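Please look over the sequence and the model below before reading on. The paragraphs that follow go through the structure part by part.

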Amino acid sequence: MILTVTMNPAIDTAYQLDKLIIDDVNRVSPKKTAGGKGLNVSRVLCQLGDDVVATGLLGGHMGAYMGSLMDADGINHEFTPIAGETRICLNILHEGNQTELLESGPEISAEELASFSAKFAELVAKADCVTISGSLPKAFPPTSTPAWSPMPPSITSPCCSTPRALPWTPPSRPRSSPRS
């Protein structure tokens, strides 16, 4: 199983416009997807037929809605619930341009991080490969990051990390392919 970690997921909402008219009404039909770098990885791996479990943090009505979007996409997921609201990111596609409005994400409590850490340890023990991708939530406690990000020494799963807000390099692991 490939475990994908998305600590700051978002409901990605895309609006396609022929022309964006500033200071006026622009009628749109939204396209909504369960977003975040890690969930993009999950989606592609699912489309390739891999066994994938997505994890991270979800909260509020948007978190519940994101769960239903992942279900619709066929993405297996085991996210940790949080009190804050999962963010929304807007992508306005207009006149060959792309304008993005990205929320920072919710604040994470020490208790929520501890709950995620326990879930992460449980899931990583079953994983053949782990990916950690994307940004971290607003006010994410940076001193706590080492508590969850490195895999336990007994785990030999390959790991890669691309979080934007985290200057972390995973420990060296033997290279192997999760596929036979």
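**A walk through the model**

Asn91 touches Thr13, Ala14, Tyr15, Gln98, Thr99 and Glu100, leaving aside residues up to four places away in sequence. This is a predicted model. Asn91 lies in strand 7, which covers residues 87-94. With a relative accessible area of 17%, Asn91 counts as buried, because the cut-off for buried is under 20%.

Leu90 is also found in strand 7. Is Leu90 buried, partly exposed or exposed? Its relative accessible area is 24%, so Leu90 is partly exposed. Not counting residues up to four places away in sequence, Leu90 touches Thr13, Tyr15, Thr99, Glu100 and Leu101. One of these contacts can be followed along the chain: Leu90 and Tyr15 are 75 residues apart in sequence, and their C-alpha atoms are separated by 7.7 Å.

Which residue of strand 7 is the bridge partner of Tyr15? The partner is Ile92.

Another pair of strands comes next. Strand 1 pairs with strand 9 in the parallel sense, over 4 bridges. Here Ile2 has Cys129 of strand 9 as its bridge partner.

Which residues of helix 1 (residues 37-47) are buried? They are Gly38, Leu39, Ser42, Arg43 and Leu45. What covers these buried residues includes strand 1 (2-6), strand 3 (31-35), strand 4 (52-59), helix 2 (60-73) and strand 9 (129-134). Just after helix 1, Gly49 takes a positive phi of about 90°.

Now to the charged side chains. How many salt bridges does the structure hold? It holds 4 salt bridges. In one of them, the side chains of Asp73 and Arg43 meet, with 3.2 Å from N to O. This pair links distant parts of the chain, as Asp73 is in helix 2 and Arg43 is in helix 1, 30 residues apart. Asp73 has 37% relative accessibility and therefore counts as partly exposed. Arg43 has 17% relative accessibility and therefore counts as buried.

A further salt bridge joins Glu122 and Lys119, whose closest N and O atoms are 3.4 Å apart. Both residues are in helix 3 (residues 110-124), and because they are 3 residues apart, about one helical turn separates them. In general, an α-helix has 3.6 residues a turn, so residues three or four places apart point the same way. Lys119 counts as partly exposed at 21% relative accessibility, and Glu122 counts as partly exposed at 37%. The side chain of Glu122 also meets that of Lys126 in a salt bridge, at 4.0 Å from N to O. Through salt bridges that share partners, Glu78, Lys119, Glu122 and Lys126 are joined into one network.

Leaving aside neighbours within four places in sequence, Thr80 is in contact with Gly56, Leu57, Leu58, Glu112, Ser115, Phe116 and Lys119. Is Thr80 buried or exposed? Thr80 has 3% relative accessibility, so it counts as buried. Thr80 and Gly59 are 21 residues apart in sequence, while their C-alpha atoms are 8.4 Å apart in space.

Key:
Residues are numbered from 1 along each chain as its sequence is written. This is a predicted model: local features need pLDDT of at least 70, side-chain atom pairs count only at pLDDT 80 or more; totals for chains, interfaces and linings use all residues. Side-chain values use heavy atoms; hydrogens and water are left out. Buried means under 20% relative accessible area, exposed over 50%, partly exposed in between (1.4 Å probe, protein chains only). Helices (H or I, at least four residues) and strands (E, at least two) are DSSP runs, numbered from the N terminus. Contact means heavy atoms within 4.5 Å. Two strands pair if DSSP finds at least two bridges between them.
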